[in-house]
Amino acid sequence: MRFFTLLVLACSLFAQKKTVDMWPGAQYDPAIPTIKKTLGYEPGERIAPHAHLMKYFEALAAAQPNRVKLLEYTKSWEGRKLIIAIIGNDANMKRLPEIQAGIKKLADPRKSNDAEAQKLIASLPATVMLSYNVHGNEISGSDAAMATAYHLLAAKNDKVVDSILANTLVMIDPTQNPDGRDRFVHNFEIAEGLEPVANPLAAEHAEPWPGGRTNHYMFDMNRDWFAMTQPETRGRIKTLLDWYPLVFVDLHEMGGDSTYYFAPEAVPYNPHIVKEQRDGLYWFGKNNAKWFDQFGFRYFTREVFDAFYPGYGASWPIYYGSIAMTYENASARGLLWEKSDGTVFSFAQSVQKHFVASVSTCETAAANRKALLENFWNYRKTAIEEGKIESSKEYVLLRQGDTTAADKLADILAAQGIEVRKSKDAFMAEGTQAPAGSYLISAAQPMKRMIRTLLDPDTKMEEDFLKEQERRRKKKQRDEIYDVTGWSLPIQFNVKQVISKSAITAPGDMVLPGKMPPGKIEGGKATVAYLVPWGTQASAKFLAEAFKADLKILSAGKTFTQSGRKYPNGTLILQVKENPDTIHDTVAKLAISSGADIIATNSSWVDEGPNYGSNNTISLKRPNVAIVWDTPVSSQSAGATAFVLERQYGYPVTRLRARSLGFVDLSKFHVLIVPESQGSLAGELGRAIPRIKDWVAAGGVIIGLGNGTGFLASGQVGLLPLSQELLAKDGGSASSGPVAEAGGRRVATGTTPPQAATSGLGDGGPVAGKIFTKEEDYLKAIQSDREMPDDVAGVLCKAKVDTESWIGAGSQETVNALVNGRAIYSPIKIDRGINAAVYSGPTDLLQSGYMWDENKKQLAYKPLLVVSREGRGVVVGFTTDPNYRGYIDGMNLLFLNAVLRGPGVVR
């Protein structure tokens, strides 16, 4: 009976709240198409899929072509359109090209003086971009986008709207992640029943793997801004640089028990955010508060969501001079949601909150039009001035080692509006010889603060904030660090950088984004072989493409010298007589598409090192690569791994659902990748484990990533003789034992897994008495006898590579890995395998970010990469994920050695 009563109550609540008067008292022009008329439902009554969003905005543009302009800025991986709807009054829309040219002129103070700038400031509207639904399952934003557009176009006799249209151009991005959104909508609709259910346990709220948060390759695109790995991000950044929105809002959702969050942000703030930007946050926060008070909405500010990491949508625009903010809304994750206190709210109500915040934001921008334009001009102007006087005047990316990584990094910087020059000749920088083709980035340019943020080795957090985190840590409280703290791009790419204290005038050409250098063949048409020196991203792309072209490829197992030229371990050898007659044309095409530099040789004679026919030369096999997929695998780890192989290197991967591994014929595959997991892989795989072990013993290559390595080393599997360490006490040795596969990883939202407590409870009987003579005795007594190291937010740490090993072939002597979580492993014994990459000592370990001192000491000289043999097969373990977020390019070669060259090691 009680259940029936609650059901009736829930249905009654839904009947009352399934539609909401979004802006009470508003009068609307009947000539403007409503959501109801166009789509068949009121705002918030249903969750609009991508097709409905496009249909509605196209209807608005058709009805009001003089006040709405739609710009398609890219397509998603799955082919869905991403659009910007520009909305303004007739006068501003007629002069869109003039406005766009004016804001671009204002963006470069080197091309105009103060008087010209003031004329522009007097004439230009403020540009505002409202971006919704970057996380596909944060659903209310897109429906609020439709409501906002309708309100701005249809509201009559509304002074707020009139002011907005007179003083701003409003740019609406209704869904930044259409693939994830449609995935969520599909999962929701197939789980729906007769009436919406508010209970959070209902199937309509419980998304199946991988959920709708991420895009097709399961990237969290709110972490992708400066990395620009995804087409959605690249298209969005190009659009921002075309219009320079002065206000950018990224509208999100959070847990259903929350209220609503808007700026100002929590500490820490990135030090390159200027005072005027921080002050501006209060303009928007206070106006939002005014409207939320009128509507009776609860909210909070200055907690949880910080402004430190530059890869958020609410961060990246700051560094070209915008005011950028996150808004977070309690999510219904469906049409009704019951909070833990028993109250129920509807999807329509959450749509209304984002709608009200959107209108309020536009109103604030309109009221502060002149100040926003002046601050933007001054931001860009002072950036140039500071770049001339600060100690870091020129950033030099040396084009040596992995030259492709340097090329790619320069391209990424140029695509973000940063001026990059490619030198024509060699030059000196701070006593270092920079080879011709090295890249120079002057700090004296309008994007100086973005340059500092992305290229400085480290970005510091406020001391008071760090002291508070250390205090919380001592009390075993969760820290308040929201995301990674180390992200310096040269360190991530393992590109050597020199920061010059003086400007460098070396002649060079500006780098244009999307113009990566093509590869070339040196020596013409070979009669004996083509050699591809191993060690660059381009050489790895060449190998992947050569496999797909069915070429026969050898790989040197040691360095060798031929015709006076030294070739690194791993160098690819394509013998002419062992390949089809078309090899010459094929290699020429692959050189261009991959960017690899290739040397033609007319002799196989080697001056030093092994010959082509030596047992030290590996005959590579075209590998069939599989990856463990689906629950309990981490979707972001699996997606990033598939992305790196497929989209960065062009090599296909077969996804195998974890639950299918008990009956899949693994003999069809050469490589099996085990990504990180968010649950027990051993529990999910069960009886598949013996079959996997037999497959490895028969010659398979299995690769663990992060806590996927923990799974391989766990007692249930036993494929790696590796032990995870407990916390080392008082600088002493750390105990270790069988690995618990979970590994304690920090998740993308910044939440921290509970502290792992490994000590058991007492039996309840009396224990020996102790006398405490000082507080330190008490504090020591309450510490756990056995505990894991504290969880670390993402930092970049250096490791030394065994370049003589097959898996270290072609690598630079050191690499930098993204370390997060608490997993630290003891080195593998020398008779059981190879510690192929080992972290540096405690004084040289941390390259970027903030790391607890105890973790820094304990991680020193511990393995990053281990290799062991199992029967005829090979087991590879990366103790942290080398493909994290798809942006740790400096780790690519080690990973590709495992995937593409590993099967050739098996004989």
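Analyst: Helices (H or I, at least four residues) and strands (E, at least two) are DSSP runs, numbered from the N terminus. This is a predicted model, where local features need pLDDT of at least 70 and side-chain atom pairs count only at pLDDT 80 or more, while totals for chains, interfaces and linings use all residues. Residues are numbered from 1 along each chain as its sequence is written, and side-chain values use heavy atoms, without hydrogens and water.

User: Fine. Where is Pro632, then?

Analyst: In the loop that links strand S29 (625–629) to helix H20 (635–648).

User: Which residues does the cis bond with omega of about 5 degrees join, over by Pro268?

Analyst: Val267 and Pro268. Pro268 sits within strand S9, residues 266–269.

User: Which way does phi go at Tyr244, positive or negative?

Analyst: Positive, at about 45 degrees, although Tyr244 is not a glycine. Tyr244 falls in the loop between helix H10 (231–243) and S7. Its relative accessible area is 10%, so Tyr244 is buried (buried is under 20% relative accessible area, exposed over 50%, partly exposed in between, with a 1.4 Å probe and protein chains only).

User: And what is phi at Glu430?

Analyst: About 50 degrees, also positive in a residue that is not a glycine. Glu430 lies in the loop between strand S16 (427–429) and strand S17 (432–434). At 44% relative accessibility, Glu430 is partly exposed.

User: Now the sheet with S4 in it. What is the strand order?

Analyst: S2-S3-S6-S4-S7-S11-S8, in an open sheet of seven strands with mixed pairing. Two strands pair if DSSP finds at least two bridges between them. At the edges are strand S2 (68–75) and strand S8 (260–261), each of which pairs on one side only.

User: How do S4 and S6 run, and how many bridges join them?

Analyst: Strand S4 (residues 126–132) and strand S6 (residues 168–173) are parallel and joined by six bridges. Val128 faces Val170 of S6. Helix H7 (residues 140–154) packs on this sheet, touching strands including S4, S6 and S7 (247–254), and its direction is at about 145 degrees to that of S4. Contact here means heavy atoms within 4.5 Å.

User: Helix pairs next. At what angle do H11 and H13 cross?

Analyst: Roughly 160 degrees, and the axes of H11 (residues 275–295) and H13 (residues 369–389) come within 11 Å. Axes are lines fitted to C-alpha atoms, for helices over the stretch in contact, with angles from 0 to 180 degrees between N-to-C directions. So H11 is roughly antiparallel to H13 (under 35 degrees counts as roughly parallel, over 145 as roughly antiparallel, 65 to 115 as roughly perpendicular, the rest as oblique). Residues in contact include Trp283 of H11 and Tyr379 of H13.

User: How far apart are the axes of H18 and H26?

Analyst: The axes of H18 (residues 537–548) and H26 (residues 892–905) are 10 Å apart, at an angle of about 20 degrees. That makes H18 roughly parallel to H26. Among the contact residues are Leu543 and Phe547 of H18, with Leu896 and Leu900 of H26.

User: Last one. How many residues of S36 are buried?

Analyst: Seven of the eight in strand S36 (residues 814–821), so S36 is largely enclosed by the rest of the structure. S36 pairs antiparallel with strand S35 (residues 792–801) over seven bridges, and Ala799 stands opposite Val815 in S36.
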